[in-house]
Amino acid sequence: MKKIWVKALLVIATLLFLATPCMAKEKVIKWKVQGFVPAGMLYHDTLVRLAAAVEKTTNGRLVFEVHPAGSLVPPFEGIKAVSDGVYQANYGYTGQWVGKIPVAPLFCSIPGGFNPLDMQMWLNEGGGKELWQEMYDTYGYKVKVFVSDPIAMEDFMWAKKPLKTIDDFKGIKMRMMPLMGDVLAKHGMSVIFVPGGEIMPNLQRGVLDAAEYSIPAFDKTLGIWEVCKYVMLPGIHQPTSQIELVVNKKAYEALPDDLKAQLAAAIDQTRLNNWLWMEKKNIEAVDFLKKKGVTFVRMDPETVKTFTRWAHEYLDELASKDKFFAKVWNSQKAFGEKWYPYHETYNLPHE
């Protein structure tokens with residue numbers, strides 16, 4: 001019996017010895033992934049967290065080589081670069097592609113529309129994810145899209161004085177990006193489109209009187225609170241934002257099936273974890289800003305209603321001119337008609 005056990009152990013040891021070189025030689029797939037902000041900023045950190053989750057979930061078989069905005073191609077060229085195979089994946093938001101795909105911003109944010117939970121419901125259960133992929137297919141981009149991190153409501157406007165009514169906004173030179181910037185400009189507001197890096201110098205020189213940028217945790221890093229001591233809420237222009245990961249279709253299809261499943265699992269995991277982590281950062285940022293003397297201003301309810309109505313009228317107008325835009329916008333409205341009443345019924349108001 002002892003001899004049998006010794007032989008069995010020798011066989012097992014031999015098999016392990018033979019298997020080890022094969023395991024050691026297992027190919028590691030490396031993808032270059034470009035983000036949409038400089039290194040060290042909040043949304044670069046969320047990409048780094050995603051990369052870590054992908055590497056862990058795939059046991060190191062798929063590795064994201066993370067690159068900050070602009071290090072591979074200019075940020076607004078990311079979708080074409082990934083489609084053409086210049087690099088494998090782009091982590092960003094669809095509003096970047098508005099010059100190429102008019103409907104693209106609706107997959108990031110809807111002025112006067114979905115909050116983060118609303119957006120996740122529409123994407124998962126209202127056909128949103130399928131329309132998102134259809135959009136890229138329709139416009140000829142060879143990419144596979146993954147739904148990544150939701151982002152909370154943004155600050156509507158930073159200013160040097162409180163702005164509560166529509167009259168308060170008249171004559172104010174403000175930075176507001178599309179689509180809401182187009183809405184406000186259409187109704188006679190003075191809107192100036194400038195990149196994020198030009199916000200602070202333009203505020204300091206008086207070129208701008210007010211500006212929007214992002215969520216509290218991100219705005220804190222900009223230092224805008226040193227110039228503007230009032231934050232207007234709610235963030236009608238972006239009640240949520242939504243990050244995507246677009247992957248070159250050939251690169252994705254070349255993955256083994258198990259890696260495809262593990263990649264999807266890692267993205268789903270960080271979709272929730274990054275969302276909650278950013279909310280924690282927002283709480284910390286709001287506490288910080290209050291200590292720095294920042295006042296959070298709730299705008300007049302009628303002003304909020306009017307801005308929202310203007311936004312939806314503008315989206316209806318765009319939909320009347322673009323068949324695919326109408327398809328997406330009508331899907332979002334139809335889902336909202338079912339979802340909002342339910343959510344409002346099953347929701348505990350907090351004082």
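**Close-up 1. Who touches Leu-289 in this predicted model?** Setting aside neighbours within four places in sequence, Leu-289 is in contact (heavy atoms within 4.5 Å) with Trp-158, Pro-216, Trp-225, Val-294 and Phe-296. Leu-289 sits in helix α11, residues 257–291; helices are DSSP runs of H or I with at least four residues, strands are E runs of at least two, and both are numbered from the N terminus. Is Leu-289 buried or exposed? Leu-289 counts as buried because its relative accessibility is 0%, and buried means under 20% relative accessible area with a 1.4 Å probe, protein chains only. Glu-226 is 63 residues away along the chain, yet its C-alpha atom and that of Leu-289 are 9.7 Å apart.

**Close-up 2. The second largest pocket.** A pocket here is an open set of points on a 1 Å grid over the protein atoms alone, where a 1.4 Å probe fits and protein lies on both sides within 12 Å along at least five of seven lines; lining residues have an atom within 4 Å of a point. Among the residues lining the second largest pocket are Gly-113, Met-153, Tyr-340 and His-350. Helix α13 gives the most to this lining, with three residues, while α4 (116–125) and α13 (323–345) each supply at least two.

**A note on the model.** Residues are numbered from 1 along each chain as its sequence is written, and side-chain values use heavy atoms, with hydrogens and water left out. The model is predicted, so local features need pLDDT of at least 70 and side-chain atom pairs count only at pLDDT 80 or more, while totals for chains, interfaces and linings use all residues.

Key:
Buried means under 20% relative accessible area, exposed over 50%, partly exposed in between (1.4 Å probe, protein chains only).
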